[in-house]
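Good morning, and thank you for coming.

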Amino acid sequence: MALDPQLLEILACPDTHHAPLTYDAEAQTLTCTECGRIFEVRDDVPVLLLDEARGGPGQPS
């Protein structure tokens, strides 16, 4: 099951800039268009926790 397109329209990075996220259905990830953080989607639920994100400012992806 894929993420609902309406949900994808309103999801944003949880960091202070609240930039839009791009969805990679094959990798099951959401990527911030501004900071580059990568958030996992587990069991069709986006995990938008900064502590669990990969990559981003000053961090390897």
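Among contacts in the protein between residues at least 6 apart in sequence, what percentage join residues at least 24 apart? The answer is 17%, where contact means heavy atoms within 4.5 Å.

A word on the source. This is a predicted model, in which local features need pLDDT of at least 70 and side-chain atom pairs count only at pLDDT 80 or more, while totals for chains, interfaces and linings use all residues. Residues are numbered from 1 along each chain as its sequence is written, and side-chain values use heavy atoms, with hydrogens and water left out.

Let us begin with the overall fold.

Next, the interior. Of the 61 residues, 30% count as buried, a term that means under 20% relative accessible area, with exposed over 50% and partly exposed in between (1.4 Å probe, protein chains only). The largest nonpolar core has 11 residues, among them Leu30, Cys13, Cys32 and Cys35. Such a core is a set of buried Ala, Val, Leu, Ile, Met, Phe, Trp, Tyr and Cys residues joined through side-chain atoms within 4.5 Å. Strands β2 (29-32) and β3 (38-42) each supply at least two residues of this core.

Strand β2 also holds Thr29, which is buried at a relative accessible area of 7%. Beyond its neighbours within four places in sequence, Thr29 is in contact with residues including Tyr23, Phe39 and Arg54.

Finally, the cysteines. How many disulfides does the model contain? The count is zero, a disulfide being a pair of cysteine sulfur atoms within 2.5 Å. The sulfur of Cys13 has its closest cysteine sulfur in Cys32, 3.8 Å away, which is too far for a bond. For Cys32, the closest cysteine sulfur is that of Cys35, and 3.5 Å is again too far. Both Cys13, at 1% relative accessible area, and Cys32, at 4%, are buried.

How values were computed. Helices (H or I, at least four residues) and strands (E, at least two) are DSSP runs, numbered from the N terminus.
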